[in-house]
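Trainee: Could you show me how to read cavities and salt bridges in a protein model?
Mentor: Gladly, let's look together.

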Amino acid sequence: MNIEDKEIYWMQRALELARRGIGVASPNPTVGCVILDRAGQVVGEGWHEYDLLDHAEIVALNEAKQHAGDRLKGGTAYVTLEPCNHTGRTGPCTQALISAGLARVVAATSDPNPNVTGHGIDALKAAGLQTTVGVCETEARRINEGFARWIQNKRPFVLMKVAMTLDGRIAPPAGFHTAREPYWITSELARAAVQTLRWQADAALTGVDTVLADDPMLTDRSGLRRRRQLLRVVLDSALRMPLDSKMVRGVQNDLVIFTVSKDEARIEELRTHGVRVEVLPSDHGRVSISAVLDKLGEEGILTLLTETGTRLNTALLASGMVDRVHLFVAPQIMGSDAVPAFKGMPNAIQMAEVEVERYGNDLGLCSLLRDPWQEQAQRKQNPATP
């Protein structure tokens with residue numbers, strides 16, 4: 001392999017390790033690290049898990065010190081995110097890499113934190129290490145979109161999921177659907193992919209209208225590891241949430257309702273059933289989506305998956321707060337009397353660089369609408385921009 005191919009090869013391995021942190025690294029970023037000795041042999045690997053504290057670089061270095069000894073000096077570290085140069089819950093990774101005697105550090109991308117971006121690379125350069133940034137950058141940024149949005153804006157990255165027919169319908173016409181029972185638009189393969197999206201998210205949001213129509217559980221049933229339960233979020237302005245709904249009956253300190261109602265008796269009734277109720281200021285009689293995102297950001301929610309009906313789908317897109325959209329499209333046509341996915345959009349939403357996947361006969365269409373990493377680049381070009 002030439003030098004460029006080797007760089008990509010080892011960074012791809014670091015990305016594989018980073019993905020092991022999905023579900024267990026939040027509210028920190030997912031990071032993977034591979035360390036080679038001066039002869040180019042792998043001597044250490046690691047990834048970050050929040051509860052284990054140590055960052056990926058430290059985990060990899062500890063393993064490398066056991067296996068390589070003096071051969072570690074002059075080695076190379078491949079890491080999916082710029083090493084930190086500050087003390088938080090742990091010490092700076094830059095100092096650990098420098099102290100280990102490494103000659104070179106290759107990072108996939110810079111840190112999205114506007115207060116620290118570039119500082120880690122600067123510290124490594126100042127200590128005489130060779131540095132490279134940008135190998136497999138697109139993939140590295142994709143797995144940390146949630147962290148990039150949260151660390152810059154203190155709000156979660158909003159991923160909108162919609163399952164719909166070819167003609168953009170999400171439920172059959174009135175009278176063709178039994179209330180409080182799910183009506184499946186897509187196949188089991190597509191629904192399994194939705195479980196993966198829930199696993200990757202910190203919270204999932206729906207509206208009370210969807211609860212009344214489908215009675216969903218909205219749980220992560222992927223079976224994959226996660227360090228904290230998926231937080232289930234319901235927007236319910238008038239507190240119509242049924243106490244016998246699957247969400248309430250299955251509550252395990254994982255359900256929060258955002259409302260503008262001040263009905264204390266009803267609030268206490270829900271709380272008695274284990275539901276957390278948050279009362280927010282009214283926005284024309286409804287719950288403010290912006291206020292909900294602020295509140296979830298305060299709680300360290302990095303990625304919010306939305307699974308809502310017509311009104312909220314439309315409101316979310318119209319607000320400009322959706323970062324990525326993932327449409328699951330089934331080969332069905334329901335007609336104009338069926339329930340639309342969106343209604344009354346003020347402006348068309350352009351989906352650029354659409355990723356297309358197949359789930360049996362269903363299609364998955366995924367596109368980034370707002371890139372938090374691009375906002376970082378814009379700030380670097382114009383520091384005066386808020």
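Mentor: On a 1 Å grid over the protein atoms alone, a cavity is a set of points where a 1.4 Å probe fits but cannot get out, and its lining residues have an atom within 4 Å of a point. This is a predicted model, where local features need pLDDT of at least 70, side-chain atom pairs count only at pLDDT 80 or more, and totals for chains, interfaces and linings use all residues. Residues are numbered from 1 along each chain as its sequence is written, and side-chain values use heavy atoms, with hydrogens and water left out.

Trainee: Which residues line the largest cavity?
Mentor: Leu-205, Leu-235, Ile-289, Val-292, Leu-293, Leu-304, Thr-306 and Leu-316 do.

Trainee: How much space lies in the largest cavity?
Mentor: About 30 Å³, a volume being the space filled by probe spheres set on grid points joined across faces, edges and corners.

Trainee: And how many salt bridges does the structure hold?
Mentor: A salt bridge is a side-chain nitrogen of Lys or Arg within 4 Å of a carboxyl oxygen of Asp or Glu. The structure holds 23 of them. In one, Arg-149 pairs with Asp-323, with the closest N and O atoms 2.7 Å apart.

Trainee: Is Arg-149 buried or exposed?
Mentor: Buried means under 20% relative accessible area, exposed over 50%, and partly exposed in between (1.4 Å probe, protein chains only). Arg-149 has 2% relative accessibility, so Arg-149 counts as buried. Asp-323 is buried too, at 0%.

Trainee: What about Glu-269?
Mentor: Glu-269 forms a salt bridge with Arg-266, the closest N and O atoms lying 3.1 Å apart. Glu-269 is partly exposed at 34%, whereas Arg-266 is buried at 18%.

Terms used:
On a 1 Å grid over the protein atoms alone, a cavity is a set of points where a 1.4 Å probe fits but cannot get out, and a pocket is an open set with protein on both sides within 12 Å along at least five of seven lines; lining residues have an atom within 4 Å of a point.
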